[in-house]
Amino acid sequence: MEIVLALAIGIMGGSGVYLLLRPRTFQVIIGLSLLAYAVNLFIFSMGRLNLGRAPVIVPSFGSNPAFYADPLPQALVLTAIVIGFATTALFLVVLLASRGLTGTDHVDGREPEQE
Amino acid sequence: MTLLLIILLPFAGSLCAAFLPSNARNAEAWLAGLVALASTLLTASLYPQVSDGGVVRASLPWAPELGLSFSLRLDGFAWLFAMLVAAMGTLVVVYARYYMSPADPVPRFFSFFLAFMGAMLGVVLSGNLIQMTMFWELTSLASFMLIAYWHHRVDARRGARMALTVTAAGGLSLLGGVLLLGHMAGSYDLDIVLDSAAVIRSHPWYPAVLGLIAFGALTKSAQFPFHFWLPHAMAAPTPVSAYLHSATMVKAGVFLLARLWPVLSGTDAWFWIVGGAGLCSLVIGAYLAMFQEDMKGVLAYSTISHLGLITLLLGMNTQLALVAAVFHIVNHAAFKASLFMAAGIVDHETGTRNLKRLSGLYRAMPITATLAFVAAASMAGVPLLNGFLSKEMFFSETVFLQRPDVQRIGLPLAATVAGMFSVAYSLRFIAEVFLGPQATDLPRAPHEPTRWMLLPSALLVLMCLLVGVFPAHTVGPFLKTATTAILGADAPAYSLAMWHGFNLPVLMSFSALAGGILLHVLLRRHPGIRAPLFGRFDGKRAFDLAQTGIMSGSERALRALSSRRLQTQLLLVVGVAVVGALYPALTAGWSWGTRPVLPPHPAFVLMWVIGAACAVAAAWQAKHHRFAALILSGGAGLATSLTFVWFSAPDLALTQLTVEVVTAVLILLGLRWLPRRDERFRLGERVPLSTRVRRARDTLIATAAGLGLAGLAYAILTRPPTDGISPFFVERALPDGGGLNVVNVILVDFRGFDTFGEITVLGIVALTVYALLRRFRPAPESVALPRQQSEQDGADGDSEERLPDPAALLPDGYLMLPAVIVRLLLPLATLVSLFFLLRGHNAPGGGFVGGLVLATAVILQYIVGGTVWVESRLRIHPQYWIALGLLGAGTAGGGAWLAGEPFLSSRSWHGELPLLGEIHLSTVLLFDLGVYMLVVGATVLMLVALAHQSLRSHHRKAMLARGGFV
């Protein structure tokens, strides 16, 4: 499982980086969301992969941490997901405004001389 | 308390002054005058407490953990200086009332004037070195604002900028010096620093500290070679020149040198740096003053020279010289401020300050002239006046200073020559302006100013006379108190008297007088002569050259090291990240861990084969097939949220899923405003080679980044987990947080403050999106209805430009059945979202998920029903939801204050209720309710604002006709 998840993180991260370096704003926004998936999974996996652990305290089990999924990376990633949505929205609106102002969807706000 | 009041009053006055109407000259003057007078009287009332060597202290805790407090400290020396600042401030306010013209906006003047006074008092009274540096910089800022008071004048702006650059650079250096000094002494407290003289002088950092502090003091006091800013600061209104640039602010440098004299002086380095700068300024300033054309120019260079005299005295390393320096600080303030006032009066009454044009004003303004005579005589060092006394002390110090060979003779000689220059320029100042034939071509016919304008000057001149004749009975005790405060109990005996008998210093005084008169006569024969030797040396030109050099250099560096192109910048960022991550792997080695891995599950592998294919395909298609890329990236997101389910993170899976939906809708709404696909590529045009090369390069970089991420993830996943803080949360969630869902307890209880910050950011982003869209102007070609929509509208043969009918029972169009279902869905979705919210503390769910579910339900109404139809029935005010959510969360957190606990401490109640049974109530639920409302508001606001853009352009008129809002 570990190798599958690591490869998944790598492929999504790599695709995201490729899109980040592209010239069109839409490519960059998709790139950012792919990169965000990769990074969220990466942070989440810092709690290591364990199957069949309880996510919520079961009083009859007691509170031995070994029975439960690691809550800390989850809390971190949960906020990251929501903030990621907010930045995507902000970026989308900025790119729309930039497109309206400059007439192009190039990331620099103007078409390069030759492409 | 009195101490605190002395500083607070001017700042409070400054705030009040800023809000008075711009023509309230009298109100402003009364306010400023009363504030200054009150500060003066308060300071005076403290004299009995310091006169016997006592120290008054006041302190407010500021950051006690760091050993910092806002502390004030008044000893005899600080008292003398504070008195000087406050009393001089009072006099200058009276003068300024009559100097400022009715057209000048006085609130700005008096506001900055009082702010300066507060800052200067802060410098003087600070008991903490860092705090003193802060006030020091405040005086530089106030000086900047006051020099640039007439900001329509280019010389005022340039002068202000130059003064700020030089003095603020000095302030920065001073901060460095003070930090080192505090480190050496073990505290920034002035008392402790002053007690650590031996440690500091023998410390290896001593030269660095001396250099940094001396740079700060010398720039502030306009000492050679940093003196050039002061003449350019004369563009300020004359009251400012009189107050800041002769009496007080420029004295901050010498104040500091005297303040730290007990710990820093006594070494050869001190002698050469401080004494050397002082001697150069003394001679060069006096020399240049002789050749100035502007009355204020003469006074500015003379100020440099006199400050040089004080600096030189401080640099001499003898206690008697220190006494003379303190004495001259007071004397110089008195006669120079009164001369500045005279220059201002002349300027005010005649319209010019040019020595060439002015002449014979004695007849028109005899009182002004008499006052100026006396003050100038004091400046020249004529007997019976205060300037003579301190200058004589200075001469005698130069004579008796124990230095080897050349310095033994050179110093008295240089002092006498400077004295000669000083006599010459004083004489010229008087002779050109007041004596000689009466000038006829002046811009205004001169006459005596109003009595109130003369009063401050007259008081100062009276002081010059009284101190000059009866020094021991007027200034004597105060001087003794001040010097004892610096030197301690072993202060030397000295005698203050008008006449000490005929000795070498007196001889030097008289030869300076005679030489000065001779020099004046010689110079009169060659009118229009420019300063020989120094004509080419120009500090201003050097400053300008340095400034342009730095500017163009940094521009060039920016061009060489950076790029305007985002792609290049991102390439650098990614490159640095890859190399930075690779470096430790290469140097420290790379290995996989030994933790046993889980066997791969076929379904999981299949899921990620699809997920990874989606990600790669999205990257491949994002340029020309945006919709496909969006759906594909959603596929990768789905795989991500299923992974969360797989590894026991239901909260994350829920959030990811709902965010996925909302993001997809958001980007879909945005797609419409992006340009069409480039036609060239559809026609099969070949991609240029340069583009293909770049894509290949980026593919390589992306592959490297991806492999690095995968390798890093695998290397960590195969190592055993470290002991983090997670067990704490698992163990304490139930006993401390009262919840079973640990993730939710962390978010709303343990780390509630983080969540509070996060929802604030979310609210800000939503409002920013809304604000940006209000100004949104789409590109012209995107304004028309998209092809798909117009074809759809036209499919039933109806008109293409039809408008939705808000009164219809169901939304018009092709989605009638979904419309019914979606309407039924709304209450159900609301119920589900509340369910998630309420159970969040004990089971997967919570405010974030609940809020997103409700927002999705609302957005569905819009998607299916259309904006106009939905808003005719359902009005959501997302801004209110954001505000209420933030307020609710804040109130839930602040409620803990009522119980005397810190912000966001949770309170809960657990018990039985009739009918409802066992129940658990907690303020945490209120907090989560705030999160819920804010998430609903922010999400809906962003999406609806974007959706409204389609309405704005072509439906605007129709909407207005129906009275709807756009």
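Trainee: Is B:Asp698 buried or exposed?

Mentor: Keep in mind that this is a predicted model. To read burial, compare the relative accessible area with a cut-off: under 20% means buried. B:Asp698 has a relative accessible area of 0%, so B:Asp698 is buried.

Trainee: Which side chain does B:Asp698 meet in a salt bridge?

Mentor: The general idea comes first. Side chains of opposite charge can pair when their charged atoms come close. Here the partner of B:Asp698 is A:Arg22, with 3.0 Å from N to O. A:Arg22 sits in the loop between α1 (2-20) and α2 (25-45) of chain A, while B:Asp698 belongs to helix α32 (residues 689-717) of chain B, so this pair joins two chains. A:Arg22 counts as buried too, at 5% relative accessibility.

Trainee: How many salt bridges are there over all chains?

Mentor: The count comes to 18. Take B:Lys356 and B:Glu293, whose closest N and O atoms are 2.7 Å apart. That pair links distant parts of the chain, 63 residues apart: B:Lys356 is in the loop between α17 and α18 (361-364) of chain B, and B:Glu293 is in the loop between α15 (268-289) and α16 (295-315) of chain B.

Trainee: Are B:Lys356 and B:Glu293 buried or partly exposed?

Mentor: B:Lys356 counts as partly exposed at 47% relative accessibility, and B:Glu293 counts as partly exposed at 31%. For another pair, look at B:Asp347 and B:Arg353, which meet in a salt bridge of 3.4 Å, N to O. B:Asp347 is buried, with a relative accessible area of 16%.

Trainee: Which residues are linked in a network of salt bridges?

Mentor: Find B:Arg57, B:Arg73, B:Asp75, B:Asp191 and B:Arg259; salt bridges link them in a network.

Trainee: Now the nonpolar side. How many residues does the largest nonpolar core have?

Mentor: When you read a core, look for buried nonpolar residues joined through their side-chain atoms. The largest one here has 189 residues, and those with the most contacts inside it are B:Leu125, B:Trp229 and B:Leu264. Helix α17 (residues 319-350) of chain B gives the largest share of this core, 20 residues. Apart from that core lies another, of 108 residues, including B:Trp608, B:Trp673, B:Val765 and B:Ile859.

Trainee: What does B:Leu264 touch?

Mentor: Leaving out residues up to four places away in sequence, B:Leu264 touches B:Leu181, B:Ile200, B:Arg201, B:Tyr206, B:Val209, B:Ile213 and B:Trp270. B:Thr939 is found in helix α41 (residues 923-962) of chain B and counts as buried at 2% relative accessibility.

Trainee: Where does B:Leu384 lie, and what is its phi?

Mentor: B:Leu384 has a positive phi of about 80° although it is not a glycine. You'll find B:Leu384 in the loop between α19 (366-380) and α20 (386-400) of chain B, and B:Leu384 is partly exposed, with a relative accessible area of 44%. B:Leu904 also has a positive phi, near 75°. B:Leu904 is in the loop between α40 (878-898) and β3 (908-913) of chain B, and counts as buried at 12% relative accessibility.

Definitions and conventions: Residues numbered from 1 in each chain as written. Chains lettered and ligands numbered in written order. Predicted model: local features only at pLDDT ≥ 70, side-chain atom pairs only at ≥ 80, totals over all residues. Heavy atoms only, no water. Core = buried A, V, L, I, M, F, W, Y, C linked by side-chain atoms within 4.5 Å. Buried < 20%, exposed > 50% of the residue type's maximum accessible area, 1.4 Å probe, protein only. Helix = DSSP H or I, 4+ residues; strand = E, 2+ residues; numbered from the N terminus. Contact = heavy atoms within 4.5 Å. Salt bridge = Lys/Arg side-chain N within 4 Å of Asp/Glu carboxyl O.
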